[in-house]
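Biologist: I am new to this structure. Please take one part and walk me through it closely, then show me how it compares with a few other spots.

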Amino acid sequence: MRRAIAGTARRLFAERGFESVTVAEIAAVADVSAKTVFNHFPVKEQIFFETDPLGWPAPERALRERVTGERPVDAIRRVMSRPATDAGEGVADAGAVAVHARVYRDSPALRSYSREMFAEQERALREAIESGAGAEEPGAGRGLGAGVVAALILAAVREVWESTLLRIAAGAAFEDAATLGRRELGAALDLLSRDRPDRDSPDRDRPDHDRPDHGSPDRDPSDHAPPDLARGGSRRVPPGEAARLPANEAGGPDRGADRPARGADGRAPAGGGEAGAGGRGVPAPIRGDRPSITRVAQLAGVSATTVSHALNGRRPVAEETRRRVLAAIDQLGYRPNVLARGLRTSRSQTIGLIIPDITNPFYPALARGLQDVLGPAGYDEIISNTDGDREMERAAIEQMIARQVDGLAFAVFHTHAEDLLPVIGAGIPVVRLGGRLVQAGVDVVHSDDEGGAAEATRYLLERGYRRIGFVCGPHAEGPAAERVAGYRSALLAAGADADPRLVAHTHFSRAGGSSGTARLLDLPDPPDAVLCANDIMAIGALDRAGERGLRVPADLAVMGFDDIEAASLVSPGLTTMANPAREIGQACARRLLERLRGGTAESSAETVIPARLVRRRSA
């Protein structure tokens, strides 16, 4: 099944490009459910990287073939620099590799994921080096730690691997590009395995006792930098630059996390004391290196577990100990590694929010309401804009699953019940903002859309308007459908004209409100009042009334829904129904947190936030 899904996906990627293909389409062509695809490939990018067309083994795998007494870098260079056929792995299809390379070249998402993929190998490679090299030979004979060596090796491997693919994508023959890539990789790894200082270093010919910082216990040995392997050995790096390699090329944000602190006698300090950063009792920071929890613990004279408890408050920590931990954090500039915490807890600490129009001020206010509650709880938001398009909504849902969000909130118009099945199947709590979608596993939080529209219509009727038009969205789905229902029920209850021609379907935008109002005004018997599905559309109705020379509200009353800030700034001020976006966002966030904490056993629940009439001059 896994192979069939990957084969189907590769065909689709080749035909249309990686970004254009959704998981739902892969599932449909492979004749499986989207949930099945996600079970095999939690991230869409993993399908593309299911196989490596160049046939290169992972560096840690190369270490398993190490000859007794052979240094780690030499072993990796020997194994990874040989042709795949020599390793009994067969010959790749040159045409298929060319297509694969072009898909990779044209996809920013794949190139970004490749950096993450190589960075994830750093821990395994470091552990393999440590287990095989022994305490007296931590790296490649240069006195470098295993973590630094692993980062540099992976930077070289990825750089040459990618450059080889890009050559093939540009039209180079597969065999030629692969042969050149193997040579470049061998040369890069060969440079790291040498036991001599950098030839281009200005200190190369100076005696050891004349070199700057020689013998200083506070200088990290990696400050005497090896060649720049990220360039395949094509240039040298000045001393200290290796420590400043970007995290995405040097293997992730926690390089050096396990590097012990050393004092003047070469031993790790027993406690933090009052030593300053860079002093003899403090782990020496490297420029560009991210301080780790291990360094904080060493400086404070406690264990890393105690630092964790002091930060998250889950277990009591003595006040004096907590003070030392906080002082060490402040001194080192430490920030918790959220990604690492997510690996331990199986939580990403993110909530997805899918909205139809980020330019509508209602939705930023909604997002702010979520953050009011989620921020203090330690969660961040990932926001996706869909322009109210169903295909974009479905793709956004898939991306949120792929990003492994802990919960999902969505304010969308066209999503159907089957579109949510992959989210529910992935065990992600879901809250829908608006509408009355009744579905197990999906909570609903919304304003009283039907009641609010009915109240708005009654208000216009009470003000003496008898022929009231309604400007709503394209198909009146979701909240818009509820508002149309409330509008019609109020007209029928009052015995007023409920002419279906008075409902204009248009876009949820200022231009849509203007065009919808124009259609109503062009009727043989035009309305004397217009109710709009949101305030942005109502402002468009004001635009059209002005263009027609109509006085508002004497010739045409205009009323909106939402009470965004602009409603009070236009002229005349817009009468509207306050739809408390921030309160809705807060209620949504609280519901998601309840689900995440396991505090509710209900299969689904509905929360209704009342709407409120706001009187201004437009009606």
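Modeller: R158 sits in helix α10. Helices here are DSSP runs of H or I with at least four residues, strands are runs of E with at least two, and both are numbered from the N terminus. This is a predicted model, where local features need pLDDT of at least 70, side-chain atom pairs count only at pLDDT 80 or more, and totals for chains, interfaces and linings use all residues. Residues are numbered from 1 along each chain as its sequence is written, and side-chain values use heavy atoms, with hydrogens and water left out.

Take the length of α10. It runs over residues 146–169, which makes 24 residues. The expected span is 1.5 Å times one less than the number of residues. For α10 that gives 34 Å, and its end C-alpha atoms are 34 Å apart, so the two agree. Just after α10, G171 takes a positive phi of about 115°.

Now its cover. Buried means under 20% relative accessible area, exposed means over 50%, and partly exposed lies in between (1.4 Å probe, protein chains only). In α10, 20 of the 24 residues are buried, so the helix is mostly covered. R158 counts as buried because its relative accessibility is 5%.

What does R158 touch, leaving aside its neighbours within four places in sequence? Contact means heavy atoms within 4.5 Å. R158 is in contact with Y104, R111, S114, R115 and F118. Helix α8 covers residues 108–120. S114 and F118 are among the buried residues of α8, along with L110, Y113 and A119. The 13 residues of α8 reach 19 Å from first C-alpha to last, close to the 18 Å expected.

Elsewhere, α20 (residues 449–462) and α21 (residues 479–494) pack at an angle of about 40°, with their axes 7 Å apart. Axes are lines fitted to C-alpha atoms, for helices over the stretch in contact, and angles run from 0 to 180 degrees between N-to-C directions. Angles under 35 degrees count as roughly parallel, over 145 as roughly antiparallel, 65 to 115 as roughly perpendicular, and the rest as oblique. The pair α20 and α21 is therefore oblique. Residues of α20 at this packing include A453 and L461, and those of α21 include G486 and Y487.

Last, the cysteines. A disulfide is a pair of cysteine sulfur atoms within 2.5 Å. The count is 0 disulfides. The sulfur of C472 is 9.8 Å from the closest cysteine sulfur, in C532, which is too far for a bond. C472 is buried, at 0% relative accessible area.
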